[in-house]
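Visitor: I'm new to this one. Can you show me the model and take me through it?

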Amino acid sequence: MSARFYRHLDGGYYRFVSDAMSADTDSPVIIYEHLWPFEPGLWVRARADFLARFSPVEAAEVDAACAGERSAAQAAVNAAKARRRAAKPA
């Protein structure tokens, strides 16, 4: 099976690792790995929340992003997160 890659609505790139069931809530979750621009790390998110925030992308898009300058990409993702959070109703 080939790897599945996703872009977060704020611009970071991720790799799908596994589907699982939450031990706490017995609901479906997705385990995924952060690839770019922040340091790699594994994350777990409720399946419904994941599908609402992540869009599938081709590996070539991830490769092109990863070839870019990390600090500028990190700043752009952080700015997008801040704008999205500021726009949330209180």
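Visitor: Which helix or strand gives the largest share of the lining of the largest pocket?
Guide: That is H3, with three residues. This is a predicted model: local features need pLDDT of at least 70, side-chain atom pairs count only at pLDDT 80 or more, and totals for chains, interfaces and linings use all residues. Residues are numbered from 1 along each chain as its sequence is written, and side-chain values use heavy atoms, with hydrogens and water left out.

Visitor: What counts as a pocket?
Guide: On a 1 Å grid over the protein atoms alone, a pocket is an open set of points where a 1.4 Å probe fits, with protein on both sides within 12 Å along at least five of seven lines. Lining residues have an atom within 4 Å of a point.

Visitor: Which residues lie nearest the centre of the largest pocket?
Guide: His8, Tyr14, Trp43, Arg45 and Lys81, out of 13 lining residues. Strand S3 (28–36), strand S4 (41–46) and helix H3 (70–87) each give two or more residues to that lining. Helices (H or I, at least four residues) and strands (E, at least two) are DSSP runs, numbered from the N terminus.

Visitor: And what is the volume?
Guide: About 220 Å³ for the largest pocket. A volume here is the space filled by probe spheres set on the grid points, which are joined across faces, edges and corners.

Visitor: New topic. How many salt bridges?
Guide: The count comes to six. The rule asks for a side-chain nitrogen of Lys or Arg within 4 Å of a carboxyl oxygen of Asp or Glu. One of them pairs Asp10 with Arg84, the closest N and O atoms being 2.6 Å apart.

Visitor: Where do Asp10 and Arg84 lie?
Guide: Asp10 is in the loop between strand S1 (5–8) and strand S2 (13–21), and Arg84 is in helix H3, so the pair ties together parts 74 residues apart in sequence.

Visitor: Are those two buried or exposed?
Guide: Asp10 and Arg84 are both buried. Buried means under 20% relative accessible area, exposed over 50%, partly exposed in between (1.4 Å probe, protein chains only).

Visitor: What does Asp19 meet in a salt bridge?
Guide: The side chain of Arg47, at 2.9 Å, N to O. Asp19 lies in strand S2 and Arg47 in helix H1 (residues 47–53), so this pair ties together parts 28 residues apart in sequence. Asp19 is partly exposed, at 42% relative accessibility. Arg47 is partly exposed too, at 32%.

Visitor: Which residues do shared partners join into one network?
Guide: Arg45, Asp49 and Arg53, through salt bridges. Arg45 also lies among the residues nearest the centre of the largest pocket.
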